[in-house]
Amino acid sequence: MKALQYRTIGAAPEVVTVPDPEPGPGQVLLKVTAAGVCHSDIAVMSWPAEGFPYALPLTLGHEGAGTVAALGDGVSGLQEGDAVVVYGPWGCGRCAKCAQGKENYCLRAAELGIFPPGLGSPGAMAEYLLVDDARHLVPIDGLDPVATVPLTDAGLTPYHAVKRALPALPPGSTAVVIGTGGLGHVAVQLLRAMTTARVVALDVSEEKLELARSVGAHETVLSDARAVERVRELTDGVGAQAVFDFVGAEPTVRTAGAVAAVESEISIVGIGGGVLPVGFGTLPFETSVHAPYWGSRGELIEVIGLARAGVVSVRTETYSLDEAPLAYARLHAGEVRGRAVVVPHG
């Protein structure tokens, strides 16, 4: 089968031919119908050789959708042809966190060498994907896989962050979303659907701010030297009760801290390497700072439910598997509006 692999440190990913996978006991083989292209992959491919955590070559793609192609021995509850999406942050399934469906916070994954697809294990940027356990599959009958696959990360991750911050967002509050790309434009929709808060979106270009407005942002602010001042003006000097940074670079985390209100919630979701100092006097009183990672299996089911109800959607542009390197190049150049999705069998 064809697969998009990161094969050499510092090089661009390549479309190659690899052996077709076969499911072992307890495993499920999917015929991939859609795979999302994510900034996290760009981050992985920018890491230096020293301390690189994954074995190469690595088939990319941690957002996957497909139809069941074959079942390993002992798998029940699924049939060939079932349409599903993949819950990406695989865990051991037995520890205290996994027992709550929080495999994103599995206590033993590192010890046992368990990696998510595309982030250590072979991913979804291929014609077929081997899934380790049927519990990591969520049915999407009737939903378009291209429109749905980004929800497994670009939907699930902001949903987890927004859901956690709900107590901080009563009527009359303000939420700030920094970075309105793949995850951020979904966060705007979730905030509009789940709260009555005023949503203020920040980004570096008018085109990206237009996307934020089109999905429901009440206010948009160009992320420049006056951004903090503008947010403070919009909130009468109080600041935002919840701030979601989907970039996570040094300038954006500084902005997140500077626009936060007293007793606010800051979620640094992006993996841009920025660090926000926390301590008495460095942030407004009783500000909580979180660095969430994905979400639970139950939350993914909830996100799919929101999509089925029509209250959240992802702007997508599609590419064939042979065009996947171009999708990553466009993402790296900031030219993707919303989420790029690869369709291997298009």
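1. Helices (H or I, at least four residues) and strands (E, at least two) are taken here as DSSP runs, with numbering that starts at the N terminus. The model is a predicted one. In these terms, F280 sits in the loop that runs between β13 (260-268) and β14 (288-290). Its relative accessibility is 78%, so F280 counts as exposed, because the cut-off for exposed is over 50%.

2. Which strands each supply at least two residues of the lining of the second largest pocket? They are β4 (58-59) and β7 (128-131). The most comes from β7, which contributes four residues to that lining.

3. Salt bridges number 15 in this model. One of them joins the side chains of R135 and E103, with an N to O distance of 2.6 Å.

4. R135, at 26% relative accessibility, counts as partly exposed.

5. E103 takes part in a second salt bridge, with R297, at 3.1 Å from N to O. Here too the pair links distant parts of the chain, 194 residues apart: R297 is in helix α10 (residues 297-308), while E103 is in the loop between α2 and α3. With a relative accessible area of 22%, R297 is partly exposed.

6. A further salt bridge is formed by the side chains of R230 and E233, at 3.2 Å from N to O. What separates these two residues along their helix? Both are in helix α8 (residues 227-234) and they are three residues apart, so the separation is about one helical turn. R230 is partly exposed at a relative accessible area of 26%, and E233 is partly exposed at 41%. Elsewhere, salt bridges with shared partners connect E103, D133, R135 and R297 in one network.

7. Some backbone geometry deserves a look. Most peptide bonds are trans, and most residues other than glycine have a negative phi. The peptide bond from L56 to P57 is cis, and its omega is near 0°. P57 is located in the loop between α1 (39-46) and β4.

8. D236 is not a glycine, yet its phi is positive, near 55°. This residue lies in the loop between α8 and β12 (240-245). Is D236 buried or exposed? Its relative accessible area is 71%, so D236 is exposed.

9. W294 likewise has a positive phi, about 55°, without being a glycine. The residue belongs to the loop between β14 and α10. W294 has a relative accessible area of 3% and is therefore buried.

10. L191 is a residue of helix α6 (residues 184-194). Its relative accessibility is 0%, so L191 counts as buried. Between L191 and P158 there are 33 residues of separation in sequence, and their C-alpha atoms are 9.5 Å apart in space.

11. G24 is placed in the loop between β2 (14-17) and β3 (28-37). At 19% relative accessibility G24 counts as buried, because the limit for that class is under 20%. The C-alpha atom of G24 is 18 Å from that of G113, a residue 89 positions away along the chain.

How values were computed. Residues are numbered from 1 along each chain as its sequence is written. This is a predicted model: local features need pLDDT of at least 70, side-chain atom pairs count only at pLDDT 80 or more; totals for chains, interfaces and linings use all residues. Side-chain values use heavy atoms; hydrogens and water are left out. Buried means under 20% relative accessible area, exposed over 50%, partly exposed in between (1.4 Å probe, protein chains only). A salt bridge is a side-chain nitrogen of Lys or Arg within 4 Å of a carboxyl oxygen of Asp or Glu.
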